[in-house]
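Visitor: Can we go through this one together? I'd like the surface first, then some individual residues.
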Amino acid sequence: SLALQGRAGSHRLFSTADATELVADVLLAQQKLLEQQPQVAEKIARAYFAGVKQAEADRGAAARLIASVVPRFRDELKEAGTRAALDWVKWTNLADNARFFGVNGSKPSFDRVYNQADGIWQSYPDAKITDRFAPASLRNDAAIRALWGAAQAGEKVVREEPKYEPKVAETGKPVFTKPVTINFASGQSALDAESMQILNTQLVPQFEMARAMYIRVEGNTDNVGNPKINQALSEQRAKAVVDFLVSKGIDAQRITARGNGSNNPMASNKTSDGRATNRRTDILFISGAANGGG
């Protein structure tokens, strides 16, 4: 919020309301505490979730409290700025944490987020990391598991899964576009092993992170050949990407395919390099909130 205020013309790329796991805020505790005094950890977590529920019910009161006790909010953002920020912030609740730790039967998002962060830190030239850990050795879900079980037993759990509107993916204005190099054999629309690996490593984790966002896959060609054939081929290739992503667990209601043929070039078709650039697959990330969905 302060960055948006400080630079004219700046805008928010996306928020935690869209990218629900953009920032993984977790409560950290020593294993000793969790193992020897689990009731303390449960009490802290229970108090946090109660606070989230109360804050969501009255954001004005939440903004007044935050702006009165947290120095930077009090001194720089002020109450009005704090209240405005709460419109695009997603507080994590018990259901979010159950998914994050995998106690609801899903694959733990904790492991993916940790491995992504570990990979980023390892790539830093000046990183001085001597000890590395497997996510499972750090992930302690005892407190969340206990609260989740109690909530289910009391039938107080509301499974908050995004409700997708397919038209948003089809027509929504993208927040940003990610060009991806997906190779196809000439005149073909079947994904090869390298392209599947790219989708698995570069896109699936991002889609999982941005669970509240929609995706449009747009296939593009150069201008060589019959325009009608190029149009059909671009549609088939975009659909091949979508079908693969759906097979990896991406909700079919939030993703769609579009073929642009040669109508959306990024470079000149007069050179081989330009034509190669134009034979691309664009992945468009669309905010459900900004386009009336989600």
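Predicted model: local features only at pLDDT ≥ 70, side-chain atom pairs only at ≥ 80, totals over all residues.

Visitor: Noted. What about charges: how many positive and negative side chains are there?
Guide: There are 38 positive and 32 negative side chains in the protein. The centres of the two sets lie 2 Å apart.

Visitor: And the overall dimensions, what box do the C-alpha atoms fill?
Guide: Roughly 70 × 45 × 45 Å, taken along the principal axes.

Visitor: Which secondary structure elements are in there, and how many?
Guide: The protein has 13 helices and four strands. Buried residues make up 36% of its 294 residues.

Visitor: What share of the contacts is between residues 24 or more positions apart?
Guide: Counting contacts with a separation of 6 or more, 74% are between residues 24 or more positions apart.

Visitor: Let's pick a helix. Which residues of α4 are buried?
Guide: Helix α4 runs over residues 59-69, and its buried residues are Ala 62, Ala 63 and Ala 67. They lie on the same side of α4, because they cover an arc of only 120° around the axis.

Visitor: What do the buried residues of α4 pack against?
Guide: Their partners are α3 (38-57) and α5 (71-85).

Visitor: And which residues are exposed on the other side of α4?
Guide: Leu 65 and Val 69 are exposed there.

Visitor: Staying with α5, what is the phi of Lys 78?
Guide: Lys 78, which sits in helix α5, has a phi near 70°, a positive value in a residue other than glycine. For context, most residues other than glycine have a negative phi.

Visitor: How accessible is Lys 78?
Guide: Its relative accessible area is 45%, so Lys 78 counts as partly exposed.

Visitor: Over to α3. Where does Gly 51 stand relative to Asn 93?
Guide: Gly 51 lies in helix α3. In sequence, Gly 51 and Asn 93 are 42 residues apart; in space, the distance is 9.7 Å, C-alpha to C-alpha. Gly 51 is partly exposed, at a relative accessible area of 35%.

Visitor: Now Asp 96, buried or exposed?
Guide: Asp 96 is buried, because its relative accessibility is 11% and the cut-off for buried is under 20%. It belongs to helix α6, residues 94-101.

Visitor: What does the side chain of Asp 96 join up with?
Guide: The side chain of Lys 90, through a polar contact of 2.6 Å. Leaving aside neighbours within four places in sequence, Asp 96 is in contact with Lys 90 and Trp 91.

Visitor: Last one, Ser 10. Where is it found?
Guide: Ser 10 is in the loop between α1 (2-6) and α2 (31-36). At 30% relative accessibility, Ser 10 counts as partly exposed.

Visitor: Which backbone oxygen does the side chain of Ser 10 reach at 2.8 Å?
Guide: That of Arg 7. A polar atom of the Ser 10 side chain also lies 3.2 Å from the backbone oxygen of Leu 4. Beyond neighbours within four places in sequence, Ser 10 is in contact with Ala 3 and Leu 4.

Key
Residues numbered from 1 in each chain as written. Heavy atoms only, no water. Helix = DSSP H or I, 4+ residues; strand = E, 2+ residues; numbered from the N terminus. Buried < 20%, exposed > 50% of the residue type's maximum accessible area, 1.4 Å probe, protein only. Contact = heavy atoms within 4.5 Å. Lys, Arg positive; Asp, Glu negative; His and termini not counted. Charge placed at Lys NZ, Arg CZ, Asp CG, Glu CD. Polar contact = N/O pair within 3.5 Å; in protein donor to acceptor, adjacent residues only side chain to side chain. Arc of directions from axis to C-beta.
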